Structure formats: C-alpha cells, structure tokens
Amino acid sequence: MPRLLLAVCAAMYPGRTTRKSETRSEGTTGQHERLPCMTKRSASEIADLLEEIGRRAAFEAGNPYKAKAYVRAAASLRRLVRPLDELIREGALETIPGVGAAIAKRIETLYRGGTDEPLERMRAKLPAGLLPMLGIPGLRPAIILKLHSLLGISSLEELAAACRNGKIAKTKGLGSALERKIGQGLKIASEGEGRLRMNQAQAVLDQATDELKRLRPALRKITIAGDLRRSCELVSDLRLVAIEPEAGEAAKEKFGPVTLHTCPAGRFGAVLLHATGSERHVAQLADAARKMRITLGPGGLRRGARNVSTPREEDVYAALGLPFIPPELREGTDEIARASKGALPQLVTMKDLSGVLHLHTDFSDGANTLEEMADAARERGYAYLGVADHSQSAHYAGGLQLEEIETQHEIIEALNRRYRGRFRILKGIESDILADGALDYPPDVLERFDFVVASVHSRFRLGRAEQTKRIIAAVSNPYTAILGHLTGRQLLRRPGYDVDVEAVLKACAAYGVAVEINGSTWRLDLDWRWHRKALELGCMLSINPDAHSIAELDLVRWALAVARKGGVPKDRVLNAMSLQQIQHHLGARRTSRDRRARNSRSPRAITLSG
Ligand SMILES: [Zn+2]
Ligand SMILES: [Zn+2]
C-alpha cells in the first residue's frame, strides 16, 4: 500500500513546484537544481521537511498547534508559484499563507542546506513509518505509539497486515473495535487519495491566482475551472483559465498541483468550458457539435477550418443551439437533453437567501456570543438568524440546560426589541435525536422555540431498519422543523450511518420538515445526489452553515454550492423565505400542532404518503 502513503500524508502533491521555464532550463542541464546551488534545497524538499517536523511534533507532548502550523506551512510551500529564492532574497517569506516569523527562519535555514539538528534529534526518537499513520481518520498519536510498542507496527503496510490477520483484535489493550475502526480508516484514506475538500481546493486555487496576478500581470480574467467550478464535494482536478492577450493559441502549464490554461480572448469561452468539464459533459457536447459539423476541442471551437469566436461560454452553447448550462449541472447525466427542452432548473443563488439557520454560540460549543453572531449576520445582509445551540444531552458540546435556555431567550427578546423589526433572531435549538427517536426536551420546553433542528449525534451503528425508524420518529415529532445532517457522513473521515434515505425523505415531505444541506465541508450532507429525489418527493431544503464561529457563517457558500449542484431552485429553500414568510411558515406549524394536540392524543396522526 505504498501509494496510500502519499494520500494520507497531506503530502498530496509530490514533485517539485516548477514553472514551465524552469522545467525547460532543467531539461538542458539534466539537473534538478541549478548547478551553482547544489547544496540548496528546493521548495518541495523544504515542504517535505516542514511536514516531517510537524508530524513528528504531533507525537511529542506539548503544543499541538505547532504541529499543525508546520503541516500547514508545508502545504502552502508546495503551492508556490513564485520561485522560493526570490522570496528569500526579498525577505518576503512571511507573505506565504501560514508562514510566520519562526517558520520563515526555519525555511531559510533549511534552504541553505546542511543538517537540521532539532529535526535529527526528533528522527532519533521515532521510525519514519509511523508518520503516515497520522493520516488515517481516527488514529491518534497515542494509539499509533501503542500499536508500535505492543505489536512492533512501524509502517502502513504492517498496519494493514495486522488488520487483515486479526492481530489487533486479539491483543489486550487494543481490541476488535479498534481493528474495525482502523480497517475503515485505511479504506477511507485510500479513497481520499489525491482529493481535496472544497475549501482546501479553493485555498490552493486562490493562492495560485494571487501569485499569478503578481507574477504575470498581463494575464486577464484568471478564472477557476475544473471540479471546484462544478462544485464537486471532493476535488482532484485543480485548474485555472486565463486570457493571455498576446497569445496566438491556447496553451497549458503546470504549477505544482494546478494546471493553468491560457488562451487569446476570443477563445476564452471554449477553453473555460473544456477545462471545467466534466469529461462526460464535454464529450456529449462534442458529439452534438460533430453532427452540426462543428469541432469542439480543448483549444476552441471550429467550423471546418475556421475558428469560431467564443469569448464567453454562452457563445459555445449558442453555437450548438443550447442555452447556457450552469457549471454545477455539467455531469453528463441528462442536463443537455433538459437544456434543449428549456427544462433546466432555475438554481438558487446567494442573493436568494434571506436568513441563516442552524448556528451555535458560546452558550454551547460556539466561539462567539449570540450578539456577535447576529451582528455578523446583519453585516452579511441577512434579515434573520436562527440560533440552534446543542440540547441538554450533548454534554460534550455544552448542551443547554433549562435555565440556560431561559437566559438565552431573554437575551434574544432584548436584542429583538432593539432591532425594531429590521432584523430578527429566531429561537431555535439543535435537539439530539435520542436512541428511541424522541427529542431531547419535553413538549413544554420544545414549545418555547420558534424552530427545532433534530439531529443524530450518537448511536451511529444501529441497524438500517432501526436507524431509519428512529429518524422518522424524530421527523414525525410535531416540534421538528428541520432534519440536521441526515446521513451523518463526514467526507474522508467516516461513512454515513446505515439509513434508508428515501424513506426518511418521504417522511420529511409528509410532515413538512425541511431537509438540511449542511455547509461544513466535512459534511455537505444531504449529498447533492439525493437532492433531485428530495425535490420530486416534495421536500423543502434548508441551506445551513452549522456555524460555530462568525467566520463559519460563510460555510453557507458550500451548502449553496452543492444545493445548486443538486438542482435546487429558490422556491424550495426554507431560508430563501423572507422574514415574514418564515415567521408565517413556523407560526402555521405551531397552529397545526396545537390543533393536532387538541383533536388527537397521538401527535403522529398524519400518515405517510407514497
Ligand atoms: Zn449537529
Ligand atoms: Zn450544529
């Protein structure tokens, strides 16, 4: 499993960060470094060493932030577009994201070559083969050390073999639960090989864009293409497209993991479309083009031998008799057929979102006060904010006891009086779904909230039937307004729990419970592949940040991105309702709840349709 080693380390990008011109000059000398600087280290060699320092530091007691800082700086160094020697000469190392004074000094020392004494001392303590194990989800340094001392495991290969042979299960102090977890972690790590979460991909491409702007001022319209532009939840294809006004032809070059396509202005549309993909979408368009005697290639659009001017992507689609297809929908399923019938969905946009729901404050595990979160939401132009701290049984996350709910509600009422209708805080809670599907407070407490987000945070290993029944019970609870992160999956960390998603979606539609699209880039749950089904069944969706700080309010952008990818239109989004509409919506739920309570002893009197 040596390839896994690459995946599980953040060393996602082996190989030196080169500029094309550098590569060419290397070609002539056959050397990797220019001859006069034989002892000097390249950016990627230094990145390897910084990462090693960070990973070794993680095994040592002390400051865990130090370990993370080195790994982060290593990742930034791998994405450098500008030559490192230039940055060092200008004393500009600290302009690299994540590089502060201490790490800048270390980089300079490493750059000059020679031995790094502190690193050598670290190396004497631990075998190198333990480091990649840090990349296995759920495997902490303490457990890795235990595996090493009890079973002599010193590499990923040995770890995988020990899992296969049941050695870990049989060892006292380790056990079968750990063996299962490691087996699952190894699988997830190999699936994640070379793939980044959306925010990571954005950071790589933003850094490359910034550097290109400084380094190549002639480039215009530097634009993100590839998987990220299509809002794929995991990104393996990192691409930028830019206009090179002087260029006669389209060309491409590589900067570390990023491919840059350049072209004259008149080809920008076709080149961008090609670099955005997906391969299937582009192949289907090329097929359609061929029937019209048009050639759609990576370098542009041609009719016979003549280049067709396509400064915008719209021009390419128009030449093929199609309306513009938003990048998120370009997966090569049925989007071209739908486009030709004029049946593409009108995708929700950021402007459509009036408010933001599901966020945490320092009452539970958030970093900011309610007022700070509300101010931040107002600055972002939202008309309302729905706070949803954790409920009482979430001890690990400071879930709210009764008195705390009362205090929070007093604060909300005072703030709402101050806002005089210009903005409103809605009283919500993220209630744990208990083992039997009940919510985490009695009805007289649930009654005090404007809305309840019901979420599973425990008992992930229930069987499919039991898990499905449990979640549907929570959905049918008349106080539930939103179902939080439906499957519980965490990308590259753990699969979702075993649940019949379609049955849960049917229940959500029947009980008028909105299905969350959670904006944490670990979650992005509900997965976009289910959105069309959810819409067909009649569900509303809620585009939520699940923010634990002010900065995380902006996680809404990722939830929005995948909602668009799932084809979600504005009129099916709970938080696209205006303040008045959502108050009316939540009020109507309250009235029907009261009516149901009066007319029937059972709050579950509604039957599931379909
Ligand atoms: Zn949650
Ligand atoms: Zn939450």
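In strand β14, L483 is the bridge partner of A454. Three bridges join β14 (residues 480-483) to β13 (residues 451-455), and these two strands run parallel. Helices (H or I, at least four residues) and strands (E, at least two) are DSSP runs, numbered from the N terminus.

Before going further, a word on the model: it is predicted, so to speak of local features pLDDT must be at least 70, side-chain atom pairs count only at pLDDT 80 or more, and totals for chains, interfaces and linings use all residues. Residues are numbered from 1 along each chain as its sequence is written.

Now to the sheet. Seven strands form an open sheet in the order β10-β11-β12-β13-β14-β15-β16, with parallel pairing; two strands pair if DSSP finds at least two bridges between them. β10 and β16 stand at the edges with a single partner strand each, so one side of each is left without a neighbour in the sheet. Neighbouring strands are turned by 30 degrees against each other on average, direction ignored.

Here are the elements at the edges and across them:

| Element | Residues |
|---|---|
| β10 | 355-359 |
| β16 | 541-544 |
| α24 | 556-565 |

Helix α24 lies across β10, β15 and β16, running at about 145 degrees to β16. Axes are lines fitted to C-alpha atoms, for helices over the stretch in contact, and angles run from 0 to 180 degrees between N-to-C directions.

Finally, α21 and α22 pack at about 10 degrees, with their axes 9 Å apart. They are therefore roughly parallel to each other, a term for angles under 35 degrees.

Terms used:
Chains are lettered from A and ligands numbered from 1 in the order in which they are written. Two residues are in contact if their C-beta atoms, placed from the backbone, lie within 7 Å. Angles under 35 degrees count as roughly parallel, over 145 as roughly antiparallel, 65 to 115 as roughly perpendicular and the rest as oblique.
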